[in-house]
Amino acid sequence: MAAATFLALLAAPMPAWGQDFSCTNKAAEIQCDGTSCLVETDNFTPMRLTRVGASLSLCAYSACWEGRIDFDHERSGVRFLQSLMQREGPANEAETSTLSIMVSRRSETAQIHWNGVVSVLECGSTPAG
């Protein structure tokens with residue numbers, strides 16, 4: 001029985017080594033509306049983007065959105081990810097929005113496009129805990 005369980009665990013799909021990350025925009029928040037971009041460096045609440053396996057979490061302002069990665073492709077050292085993110089709202093009304101991400105391991109940055117926010121985040125490995 002234990003051998004069968006062990007073999008099943010070995011056969012289960014595992015995330016690639018080093019794909020998990022945590023990113024934040026401690027230095028600035030950038031919002032673009034198609035005609036111009038506003039850069040805020042003093043009065044903003046940093047976002048936190050986290051990937052663990054096939055799941056993404058984006059915490060911004062006073063809420064967190066969660067989603068499974070729908071698209072994952074890497075080319076020339078840049079990983080492209082996309083997810084339909086969901087947040088539970090009042091009276092269990094779900095709020096959904098698409099999150100698009102480009103992650104560069106070389107520069108340890110992520111660029112996101114989400115809910116009118118286009119921003120650069122600084123990344124590192126996922127914190128323990």
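The questions and answers below go through the terms used for this predicted model.

Reader: What is the overall make-up of the chain in helices and strands?
Author: The chain has one helix and 10 strands. Along the sequence, the pattern reads α-β-β-β-β-β-β-β-β-β-β.

Reader: How much of the chain is buried?
Author: Buried residues make up 29% of the 129 residues. The accessible surface comes to about 8500 Å², and 56% of that belongs to carbon and sulfur atoms.

Reader: Why is Trp65 called buried?
Author: Buried means under 20% relative accessible area. Trp65 has 7% relative accessibility, so Trp65 counts as buried. Trp65 sits in strand β6, residues 63–75.

Reader: Which residues does Trp65 touch, leaving out those up to four places away in sequence?
Author: Among them are Leu56, Leu58, Met85, Arg87, Glu95 and Trp114. Glu95 is 30 residues from Trp65 along the chain, and their C-alpha atoms are separated by 8.7 Å.

Reader: How many aromatic pairs does a search of the whole structure find?
Author: The search finds one. That pair is Trp65 with Trp114, at 4.8 Å centre to centre and 75° between the planes.

Reader: What makes Trp65 and Trp114 a pair, and why edge-to-face?
Author: Ring centres must lie within 6.5 Å, and planes over 60 degrees apart count as edge-to-face. The centres here are 4.8 Å apart, so the rings pair; the planes make 75°, so the pair is edge-to-face. Trp65 is in strand β6 and Trp114 in strand β9 (residues 109–114), so the pair links parts of the chain 49 residues apart. Trp65 and Trp114 are both buried.

Reader: How many disulfides does the structure hold?
Author: The structure holds two. A disulfide is a covalent bond between the sulfur atoms of two cysteines.

Reader: How do you know that Cys23 and Cys123 form a disulfide?
Author: The sulfur atoms must lie within 2.5 Å. For Cys23 and Cys123 the S to S distance is 2.0 Å, so the pair qualifies.

Reader: Why is the disulfide of Cys23 and Cys123 called right-handed?
Author: The torsion about its S-S bond is about 100°, so the disulfide is right-handed. Cys23 lies in strand β1 (residues 21–24) and Cys123 in strand β10 (residues 117–124), so the bond ties together parts 100 residues apart in sequence.

Reader: Are Cys23 and Cys123 buried or exposed?
Author: The cut-off for buried is under 20%. Cys23 has a relative accessible area of 0%, so Cys23 is buried. Cys123 stands at 13%, so Cys123 is buried as well.

Reader: What makes Cys59 and Cys64 a disulfide?
Author: Their sulfur atoms are 2.0 Å apart, within the 2.5 Å limit, so Cys59 and Cys64 qualify. With 105° about the S-S bond, this link is right-handed.

Reader: Why are Cys59 and Cys64 called partly exposed?
Author: Partly exposed lies between the buried limit of 20% and the exposed limit of 50%. Cys59 has 26% relative accessibility, so Cys59 is partly exposed. Cys64 has 36%, so Cys64 is partly exposed too.

Reader: Why is Arg51 called buried?
Author: Arg51 has a relative accessible area of 3%, under the 20% cut-off, so Arg51 is buried. Arg51 is found in strand β4, residues 48–52.

Reader: What makes the approach of Arg51 to Asp72 a polar contact?
Author: The limit for such N or O atom pairs is 3.5 Å. The side chains of Arg51 and Asp72 make their polar contact at 3.0 Å, within that limit.

Key. Residues are numbered from 1 along each chain as its sequence is written. This is a predicted model: local features need pLDDT of at least 70, side-chain atom pairs count only at pLDDT 80 or more; totals for chains, interfaces and linings use all residues. Side-chain values use heavy atoms; hydrogens and water are left out. Helices (H or I, at least four residues) and strands (E, at least two) are DSSP runs, numbered from the N terminus. Buried means under 20% relative accessible area, exposed over 50%, partly exposed in between (1.4 Å probe, protein chains only). Contact means heavy atoms within 4.5 Å. Rings of Phe, Tyr and Trp (its six-membered ring) pair if their centres lie within 6.5 Å; planes under 30 degrees apart count as stacked, over 60 as edge-to-face and the rest as tilted. Accessible areas come from the Shrake-Rupley method with a 1.4 Å probe; for residues, only the protein chains shown count as cover. A polar contact is a pair of N or O atoms within 3.5 Å; within protein, one must be able to donate a hydrogen and the other to accept it, and residues adjacent in sequence count only if both atoms are side-chain atoms.
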